[in-house]
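Let's take a friendly look at one protein model. Have the sequence and the 3D view ready, and follow along.

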Amino acid sequence: MSKYNLFLFVIIIAAITWNMFSGNLLLAIIDVGFLCAFLLSLILIELAALNKRKKR
């Protein structure tokens, strides 16, 4: 992960924990959805890079 991806990951985790401790569960659920989408995009980027390397 690059430093920007790591920074975004930390911000999302902090937002989830903040919303859970402040009692706003709806925003915490939305943040979990953002986290899942972020991790899925990272996985897809890595798979595309691996596929590109295999073709060469």
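Which residues form a nonpolar patch on the surface? They are Leu40, Ile43, Leu44, Leu47 and Leu50, and together they have about 480 Å² of accessible area.

## Before we dig in

This is a predicted model, where local features need pLDDT of at least 70, side-chain atom pairs count only at pLDDT 80 or more, and totals for chains, interfaces and linings use all residues. Residues are numbered from 1 along each chain as its sequence is written, and side-chain values use heavy atoms, leaving out hydrogens and water.

## The greasy patch

Like charges are joined within 9 Å, and nonpolar side chains (Val, Leu, Ile, Met, Phe, Trp, Tyr) within 5 Å. Areas come from the Shrake-Rupley method with a 1.4 Å probe, and for residues only the protein chains shown count as cover.

Take leucine 47, which sits in helix H2 (residues 25–55). Helices here are DSSP runs (H or I, at least four residues), numbered from the N terminus. Leucine 47 counts as partly exposed because its relative accessibility is 49%; buried means under 20%, exposed over 50%, and partly exposed in between (1.4 Å probe, protein chains only).

## Helix H2, end to end

H2 has 31 residues and spans 45 Å from first C-alpha to last, close to the 45 Å expected at 1.5 Å a residue. That expected span is 1.5 Å times one less than the number of residues.

Ala28, Asp31, Leu35, Phe38 and Leu42 are buried in H2, and the buried residues of H2 pack against H1 (contact means heavy atoms within 4.5 Å). Phenylalanine 34, also found in H2, is exposed at 52%.

Over in helix H1 (residues 3–22) you'll find asparagine 19. With a relative accessible area of 9%, asparagine 19 is buried. Leaving aside residues up to four places away in sequence, asparagine 19 touches Asn24, Leu25, Leu27, Ala28 and Asp31.

What does the side chain of asparagine 19 make with the side chain of aspartate 31? A polar contact, at 2.7 Å. That term means a pair of N or O atoms within 3.5 Å; within protein, one must be able to donate a hydrogen and the other to accept it, and residues adjacent in sequence count only if both atoms are side-chain atoms.

Notes: Patch = residues over 30% accessible without salt bridge, like charges linked within 9 Å, V, L, I, M, F, W, Y side chains within 5 Å. Salt bridge = Lys/Arg side-chain N within 4 Å of Asp/Glu carboxyl O. Helix = DSSP H or I, 4+ residues; strand = E, 2+ residues; numbered from the N terminus.
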